[in-house]
Amino acid sequence: MSSKSIRTPSDLAIHGAAPAFASPVHVGRPNTGGRERFMVLAAEMFERGWLTNNGPMVQELERRICDQLGVKHCIAMCNGTIALEIAVRALGMQGEVIIPSWTFVATAHCLYWQGITPVFADVDPATHNLDPASVRRMITPRTSGIIGVHVWGRPAPVSDLQDIADEHGLALMFDASHAFGCSHQGRSIGSFGRAEVFSFHATKWFNTFEGGAVTTNDDELAEKMRLMRNFGFVHFDKVIHPGTNGKMPEVCAAMGLANLDAMETVLASNRAHYEHYRRALADIPGVRLVAYAEQERNNHHYVVAELDEAFPVRRDQVVATLHAENILARKYFWPGCHRMKPYADLFPHAGLVLPVTAAVSERVVVLPSGTTLPGGTVDTIGDVLRVLAQGT
Ligand code: T4K
């Protein structure tokens, strides 16, 4: 809890005052609400002596996720990146695949790692999601698919992307890493496109330490991905498909089951922090919180502020000022995948067709949230931004 009052520039730690928080306040601090339940499940796991490879807790987690999302198949994996790689391969993607540059770099790496060229399309300035017009412009004879990303849990333009995919005979899947617990047109994210991929990394609001999952309504695809997850084995000694090791361990499934039980509490806490941020930042000129469609469910895991031209201080200076207060705000996904290696070397001119990505990447600040957020954080961030807005 911060008791420091920040009213003038001289109150800021960057100008020599004591920081607002004695220890760092992180973006991505894990929610571990289901700890007691986890301990019980972990003890059962040791008793059972079954630690991984499609154990009972993995199967239960998959069943519960299917029920919750209203989808036929959930294949739990060791992390979101391997889940993406497996889905991409199971869908037969090759050549070029269109993705946003404005995403976590794993969306690009899952393609490049398999000899597929990620082609970067631009995003919509209001939603930060793929711009369908830009996607259309990126289609070539080598294009085999599109990966839409539900950035910040906001649904990508699902119908427009589906239309483009149908018109051009492309495979469409979604990187839903941010979107567990979110909806599109009243339907849970998880059953759009041919497949959707979730990340359950420690930093996500719903976590299994490390973990991820692919969900799909396609029986054949699901079967293929189950084989791929376990080296293509169907039985002792019998391999019928190329595969890798994408298995989720039981201890991770235990964490998932415990956190599913606690999810309503976490969601309520996220929602309360988001509303608090809305109020605390509302009167600061040049600061805008990325908004969510009121009629949809959002997990409010990421609280994302954008600083526009009216804000007198550059974003990097804002982040440095917050860091000095021990508030470790982030610049996700600066500078955009196209400016990271190897993509920056492969496509040095990609930025010419990504003007919105470039602009957004200079404006975004991701703010801390979650069940462990120290009291006073939101108001302190509001105070810091209000002082900076005076033009120090
Ligand atoms: N697609 C998208 C759109 C994604 O956002 C992601 C992951 C993926 C695919 C791939 O899914 P996974 O393979 O990861 O399942 C983080 C996460 O590592 C990454 O999972 C996430 N997206 C991305 C947006 O953020 P980093 O490099 O910022 O994470 P890290 O480990 O530095 O943690 C961030 C902060 O969280 C730390 O500064 C402190 C705090 N933290 C972290 C951990 C792990 C804790 O307080 N405790 C912890 O245990 O990328």
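This is a predicted model: local features need pLDDT of at least 70, side-chain atom pairs count only at pLDDT 80 or more; totals for chains, interfaces and linings use all residues.
Side chains of opposite charge can pair when their charged atoms come close.

**Salt bridges between separate parts**

- Lys 72 and Asp 219 join their side chains in a salt bridge, with 2.9 Å from N to O.
- Lys 72 sits in the loop between α2 and β2, while Asp 219 belongs to helix α7 (residues 219-229), so this pair ties together parts that are 147 residues apart in sequence.
- Asp 219 is partly exposed, with a relative accessible area of 42%.
- Another salt bridge joins Glu 362 to Arg 339, whose closest N and O atoms are 3.5 Å apart.
- Glu 362 is in the loop between α12 (355-361) and β16, and Arg 339 is in the loop between β15 and α11 (343-346), so the pair ties together parts that are 23 residues apart in sequence.
- Glu 362 counts as partly exposed at 37% relative accessibility, and Arg 339 counts as partly exposed at 41%.
- A network of salt bridges links Arg 315, Asp 316, Lys 331, Arg 339 and Glu 362.

**The nonpolar core and a surface patch**

- In soluble globular proteins, nonpolar side chains tend to be buried together.
- Here, the largest nonpolar core has 50 residues, and those with the most contacts inside it are Leu 61, Val 135, Ile 146, Leu 161, Phe 180, Phe 200 and Met 248.
- Several elements give two or more residues to this core, among them α1 (35-48), α2 (56-69), β2 (73-77) and α8 (250-261).
- Helix α8 gives the most to this core, with seven residues.
- On the surface, Phe 231, Phe 233 and Val 239 form a nonpolar patch, with about 250 Å² of accessible area together.
- Phe 233 is found in strand β11 (residues 233-235), and is partly exposed at 34% relative accessible area.

**Helix α13**

- Of the 13 residues of α13, 10 are buried, so the helix is largely enclosed by the rest of the structure.
- The buried residues of α13 pack against elements including α9 (263-281), α10 (315-324) and β16 (364-367).
- Within α13, Asp 383 and Arg 386 lie three residues apart, about one turn of the helix, and their side chains meet in a salt bridge (3.3 Å, N to O).
- Asp 383 is buried, with a relative accessible area of 14%, whereas Arg 386 is partly exposed at 28%.
- Just after α13, Gly 391 takes a positive phi of about 85°.

Conventions:
Residues are numbered from 1 along each chain as its sequence is written. Side-chain values use heavy atoms; hydrogens and water are left out. Buried means under 20% relative accessible area, exposed over 50%, partly exposed in between (1.4 Å probe, protein chains only). Helices (H or I, at least four residues) and strands (E, at least two) are DSSP runs, numbered from the N terminus. Contact means heavy atoms within 4.5 Å. Patches are made of residues with over 30% relative accessible area and no salt bridge: like charges are joined within 9 Å, nonpolar side chains (Val, Leu, Ile, Met, Phe, Trp, Tyr) within 5 Å. Accessible areas come from the Shrake-Rupley method with a 1.4 Å probe; for residues, only the protein chains shown count as cover. A salt bridge is a side-chain nitrogen of Lys or Arg within 4 Å of a carboxyl oxygen of Asp or Glu. A nonpolar core is a set of buried Ala, Val, Leu, Ile, Met, Phe, Trp, Tyr and Cys residues joined through side-chain atoms within 4.5 Å.
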